[in-house]
Amino acid sequence: MLIVGVILIVLGVPALIVGLATLLTVGNYSLSVSLVIFGVIALGLGVLSVLSNRRENIRRAIRKVVGKKEFTLIVVLAVIVYIFWMINHNYITLFNVRNIFNAAFVMGTLAIGGACLLIGGKIDLSAGSTGMMAGVIIAMLLGMGIHWITALIITLVFGAVTGLINAFFVNGMNFVPFISTLAVSSVYGGLARVMTNAQNIPISSQEHPVFLALGSTNIGVFPLPFFITIILLIVYGVILSSTKFGRRVYMVGGNSTAARLAGINPKKITTLLFVNNGVLASLAGILMAARMHSGSPSAILGSDLDGYTAAILGGVAFVGGSGSMLGVFIGIVLLSSFQNGLVVTGLGAYYRVIASGLLLIAALILDYFRENSRIRALRKARHDS
Amino acid sequence: MERTLEFVNISKAFPGVQALNDVSVQVKGGRVSALMGENGAGKSTLLKILSGDYVPDGGCVRINGEEKNFTSPYQSIKASVSVIYQERQLLNAMSVMENVFIDDLHESKFGFLNKSELRRKTQEIIDSFELPVKPSDIVGHLSIAHQQMIEIMKAYRRDSDIIAFDEPTAPLTDREIAVLFRLIGKLKERGKIILYVSHRMAEIFQITDDIVVLKDGQLVTTFETSQTNEAELVKAMVGRDIGDTYAGIRRNDKIGDTLLEVKNLVTEDINNVSFTLRRGEVLGFAGLVGAGRTELMRAVFGADPVISGDILLEGKSVNFKSPKEAIDSGIALCPEDRKTQGLVLSRSIRDNISMPVLPKLSKRLFMDTKAEESLAASAISKFAIKTPTAEKLTLELSGGNQQKVILGRWTSNLMDTKILILDEPTKGIDVGAKAEIYQLIHDFASQGIGVILISSELTEVLNVSDYIIVMRSGRITGRLSRHEATEERVIELSMMD
């Protein structure tokens with residue numbers, strides 16, 4: 001460790017100096033910045049490894065941080081951002097970063113509800129269609145001249161009812177959630193097209209300026225929906241980590257039989273999660289409609305799967321029982337940065353679909369190695385004791 | 001040539017248990033050899049080694065003098081061995097004929113099934129089994145008894161030289177048993193080697209020629225069936241050193257008033273069961289696996305529905321619709337299978353301990369993390385759970401420490417546990433941890449907790465309990481005080497037809 005640290009410092013210091021010097025004088029942008037980045041990282045790692053050689057508590061702290069799934073994800077994110085930036089410097093501009101976040105809010109909102117369900121050991125494939133229906137419903141209600149707050153509440157209730165229906169199939173009828181929510185998704189998808197004749201339903205900007213402002217108001221440089229997603233991430237992060245409900249979600253997702261025998265009601269938890277997911281999906285659909293000035297029977301489709309991809313990228317276990325909102329946040333940023341990067345670097349929009357798949361496979365491979373090394377360490381520890 | 005099957009110096013260990021220890025047995029063709037012993041004696045493990053499911057740690061299997069080292073069930077079947085397990089291995093969605101001929105589906109040269117041929121051959125076998133089913137019947141729709149017979153047909157059809165039965169008669173009615181015994185007789189005449197595992201004494205004396213007795217993974221002795229009797233056999237099955245494990249227990253001697261009264265309880269698996277539990281009493285439930293002890297306790301705990309009968313807790317009638325209600329009334333259950341029912345393995349020790357008391361650990365909206373930490377810390381120190389931190393995942397703990405986490409959950413100072421139900425609390429736990437748990441049981445009792453101890457390990461239930469109830473087939477077949485109870489008596493009661 002000591003030697004590695006010294007080598008890193010020896011390499012890092014000149015890289016940093018040369019990088020800064022060239023950046024200030026010559027202005028060879030990408031090479032200089034790369035050198036500075038490399039210098040800072042090498043220097044930082046070098047100092048940490050030298051220190052950790054001396055002090056046990058620092059070593060333990062480092063190991064704890066490095067051992068977290070989120071740490072790996074941040075490193076991966078940094079590498080991805082760096083590569084895209086190298087290919088096209090326009091990748092990191094205010095305009096493009098805003099694009100990335102603008103595109104992320106629907107997927108982000110769906111990822112939050114979906115992640116909660118996954119942690120609780122269930123899945124809801126109807127979220128995308130529910131969101132789409134919500135957009136159509138609110139556009140129709142607004143078209144009838146109903147006040148936007150009333151329309152908003154009715155649409156959110158629609159989402160809650162959808163959640164109850166899904167929960168009834170899973171809890172009451174013992175259907176497998178994968179299948180029953182797929183069926184609901186299909187019904188809603190078709191229904192949205194029938195109700196609209198497959199046409200977008202416009203929302204008049206004269207009649208409903210306040211509602212449309214929900215989608216277009218900017219706070220600082222970012223639009224309102226972006227902040228709503230961030231607030232939701234924080235709220236759900238706190239719920240999962242610091243409330244008894246959150247804890248029960250993890251326990252039910254980890255082992256619902258054991259949770260039941262320890263006095264938790266798994267069906268109640270599952271029901272709440274489905275209702276929550278329906279409401280969040282509706283919210284995503286409503287915000288999308290506000291942004292697009294219309295209810296569209298084809299909006300959002302597929303965003304729910306992107307949401308699940310982001311959640312799983314962010315370390316949420318598909319089998320339930322583990323995951324965090326910090327991870328989900330990183331997953332969302334990772335996926336949207338990657339998708340946007342492919343567009344910015346000149347590859348067509350279709351590549352983003354391929355990208356989500358490849359990214360997910362990469363995440364699974366990473367997880368596989370992490371899990372394997374953990375099991376090996378565990379075996380070794382058992383063997384030693 | 002006479003067929004022979006030898007197990008030579010077979011050993012097999014599982015984490016925490018030496019399932020078989022240097023067992024050597026020889027059996028001959030044309031005879032039915034019984035394998036007998038208590039639960040956990042090693043009978044099933046021996047059969048699984050014969051079938052290639054388990055690879056022994058040491059020793060070998062010899063068939064007709066030739067050494068065989070099966071590493072998969074396929075190899076075993078190819079060597080003309082059929083093992084019929086208690087757990088049926090049928091494809092429920094497929095027909096009788098497809099199940100019976102599962103490994104020889106009479107494919108034509110184009111790879112299609114020759115259904116008419118299959119049907120004809122299956123019908124022949126069904127006829128010899130005198131079973132009222134058709135070859136095209138879907139197995140999942142048949143009764144359990146008929147499914148068991150289909151399982152036996154599979155082995156019969158293969159015409160294997162060695163056929164092993166693991167408690168074949170448990171789900172059968174008398175009619176089918178009679179047919180089965182006739183078939184076994186025929187197989188015997190044809191010089192086959194037949195291994196027969198059963199807990200039913202009457203059957204053993206009716207159809208077997210030799211008896212091999214195992215105990216704690218070791219061979220005790222072999223008898224010729226005609227040369228022995230029930231008493232001698234039972235003695236061979238139980239006679240062992242009890243050791244100091246039990247002598248060292250500081251017993252609780254203050255038994256108080258009635259805590260729990262169960263009257264005429266009937267559920268899907270339980271038939272008219274009544275018992276009482278007093279404060280500070282350790283009430284043991286003995287019996288064979290599947291006797292209904294677990295199901296009885298699950299019903300008392302609100303985990304399974306009650307059909308009729310009364311449960312009185314401290315004199316008040318209760319009717320728990322969920323485990324939560326039972327827990328709120330002061331009943332705690334440590335389930336039979338720690339890993340699948342007791343713990344959330346992917347979560348920490350702390351999370352597993354605080355599970356039932358989350359509301360008490362919440363201040364307004366949020367969890368009181370400090371209180372939770374101290375709850376976990378006190379359980380870890382009280383039960384000497386070996387772990388560096390409460391954050392450690394329960395997955396990473398040994399069996400004994402896992403059990404202590406569950407005990408810690410139910411006896412924390414936030415719980416008001418009056419009745420503690422322990423279902424096989426020492427299963428798969430090493431001897432040292434067992435002794436600790438026995439002492440903990442009596443410590444709980446001396447705090448006035450009524451403890452119900454379900455155990456299939458006879459010495460354990462006899463030596464730890466104050467009073468012993470024996471169950472068989474969902475009924476109580478005997479009640480014995482600690483002083484009346486002997487192993488022979490309990491075995492007799494738990495196997496009695």
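Visitor: What covers the buried residues of H9(A)?
Guide: This is a predicted model: local features need pLDDT of at least 70, side-chain atom pairs count only at pLDDT 80 or more, and totals for chains, interfaces and linings use all residues. Residues are numbered from 1 along each chain as its sequence is written, chains are lettered from A and ligands numbered from 1 in the order written, and side-chain values use heavy atoms, without hydrogens and water. Contact means heavy atoms within 4.5 Å. The cover of H9(A) includes H6, H7, E3, H10 and H13 of chain A.

Visitor: Which residues of H9(A) are buried?
Guide: Buried means under 20% relative accessible area (1.4 Å probe, protein chains only). Helices are DSSP runs (H or I, at least four residues), as are strands (E, at least two), numbered from the N terminus. In H9, residues 209-216, the buried ones are Phe211(A), Leu212(A), Leu214(A) and Gly215(A).

Visitor: Within what arc do the buried residues of H9(A) fall?
Guide: The arc is taken from the directions from helix axis to C-beta atoms. Seen down the axis, the buried residues line one face of H9(A), because they fall within an arc of 135°.

Visitor: Which strands stand at the edges of the sheet in chain B?
Guide: Two strands pair if DSSP finds at least two bridges between them. The open sheet has six strands, in the order E6-E7-E8-E3-E9-E10. Each edge strand has a single partner, so one side is left without a neighbour in the sheet: these are E6 (81-84) and E10 (218-224) of chain B.

Visitor: Which residue in E9(B) stands opposite Met36(B)?
Guide: Strands E3 and E9 of chain B run parallel, joined by four bridges. Opposite Met36(B) stands Val213(B).

Methods. Buried < 20%, exposed > 50% of the residue type's maximum accessible area, 1.4 Å probe, protein only.
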